[in-house]
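Visitor: Hi, I'm new to this. Can you walk me through this one?

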Amino acid sequence: LSKAKGKARSIQCLGQLRQIGLAATLYAEDHDGELPRSQHSAFAHGQLPWGRALGEYLGAGGSRWTNLLGGVYRCPADRRVTPWSYGWNVYFELGTEDDYVGKPQTWRRLAEVSRPSTTVARSENDSAADHLMAHFWVTLADASEVPRARHGTRSNYGYVDGHAVARRLEETYDPERHVDAWNPWTAP
């Protein structure tokens, strides 16, 4: 019974990541192809962070977006008290002035991502922020903000094209094996 409940929570989480992915695509269609930003850079650019920006596409526009913190933005297996269960990959809001592998390329628009089905756009998150600082990772230990096993031995990842998959972290990021699905420049 415990395994069945765990599997159901994982399936619900995957569905939520897919909903967020679809909402991000709809948002991009309405905003000249641009993806929403996280709290990491949204306010500096006069934009709403992704949690608020996607609210209207998830049926909770305006001030009702906070309802999503207990719903679509909350993994049922996340036992923490922080509001965010998911984080946005910061690579999608970097500018050419930022320090990351692949400069001067940026990926602010969906059309700029050459491998959308293999590039991680969002994932489960163990930090209190709404974003994941993947551009700073050098070792596997640096990816500590991504839970390794929220669903058994895996966590869930959402990709730029909108699909979501349960994987081990090492399947998305393992510098010793030259695996980095977070960086759009190096995604397989």
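Guide: Let's start with a term. Buried means under 20% relative accessible area, exposed means over 50%, and partly exposed lies in between. Also, this is a predicted model.

Visitor: Okay. Is Asp78 buried or exposed?

Guide: Asp78 is buried, and so is Arg74. Asp78 has 5% relative accessibility, which is why it counts as buried.

Visitor: Which residue does Arg74 have to do with there?

Guide: Arg74 forms a salt bridge with Asp78. Their closest N and O atoms are 3.5 Å apart.

Visitor: And what does Arg80 pair with?

Guide: Arg80 also makes a salt bridge with Asp78. There the closest N and O atoms are 2.9 Å apart. Arg80 has 21% relative accessibility, so it counts as partly exposed.

Visitor: Why do opposite charges do this?

Guide: Side chains of opposite charge can pair when their charged atoms come close.

Visitor: How many salt bridges are there in the whole structure?

Guide: A search of the whole structure finds 14. Another one joins Arg168 and Glu170, with the closest N and O atoms 3.1 Å apart. Arg168 is partly exposed, at 35% relative accessible area. Glu170 is at 17%, so it counts as buried.

Visitor: Which residues do shared partners join into one network?

Guide: Arg74, Asp78, Arg80, Glu124, Asp126 and Arg150. Salt bridges that share partners link them.

Visitor: Which residues sit on each side of β4?

Guide: Ser155, Tyr157 and Tyr159 are on one side. Asn156 and Gly158 are on the other. Both faces are covered, and all of these residues are buried.

Visitor: Why that every-other pattern?

Guide: In a regular strand the side chains alternate between the two faces of the sheet.

Visitor: What does β4 pair with, then?

Guide: Strand β2, residues 120-124, pairs with β4 in the antiparallel sense over 3 bridges. Arg122 stands opposite Gly158 in β4. Strand β5, residues 164-167, also runs antiparallel to β4, and 4 bridges join them. On that side, Gly158 stands opposite Ala164 in β5.

Visitor: How many residues lie between β4 and β5?

Guide: There are 4, and the two strands form a hairpin. Gly162 in the turn has a positive phi of about 105°.

Visitor: What classes does the lining have?

Guide: The lining of the largest pocket has 8 nonpolar, 4 polar and 1 charged residues.

Visitor: One last spot. Where is Thr96?

Guide: Thr96 sits in the loop between β1, residues 86-89, and β2. Thr96 has a relative accessible area of 41%, so it is partly exposed.

Visitor: What is Thr96 in contact with?

Guide: Leaving aside neighbours within four places in sequence, Thr96 is in contact with Lys103, Pro104 and Thr106.

Visitor: And how far apart are Thr96 and Ser114?

Guide: They are 18 residues apart in sequence. In space, Thr96 and Ser114 are 17 Å apart, C-alpha to C-alpha.

Note on methods
Residues numbered from 1 in each chain as written. Predicted model: local features only at pLDDT ≥ 70, side-chain atom pairs only at ≥ 80, totals over all residues. Heavy atoms only, no water. Buried < 20%, exposed > 50% of the residue type's maximum accessible area, 1.4 Å probe, protein only. Pairing = 2+ DSSP bridges. Salt bridge = Lys/Arg side-chain N within 4 Å of Asp/Glu carboxyl O. Nonpolar A, V, L, I, M, F, W, Y, C, P; charged D, E, K, R; others polar. Contact = heavy atoms within 4.5 Å.
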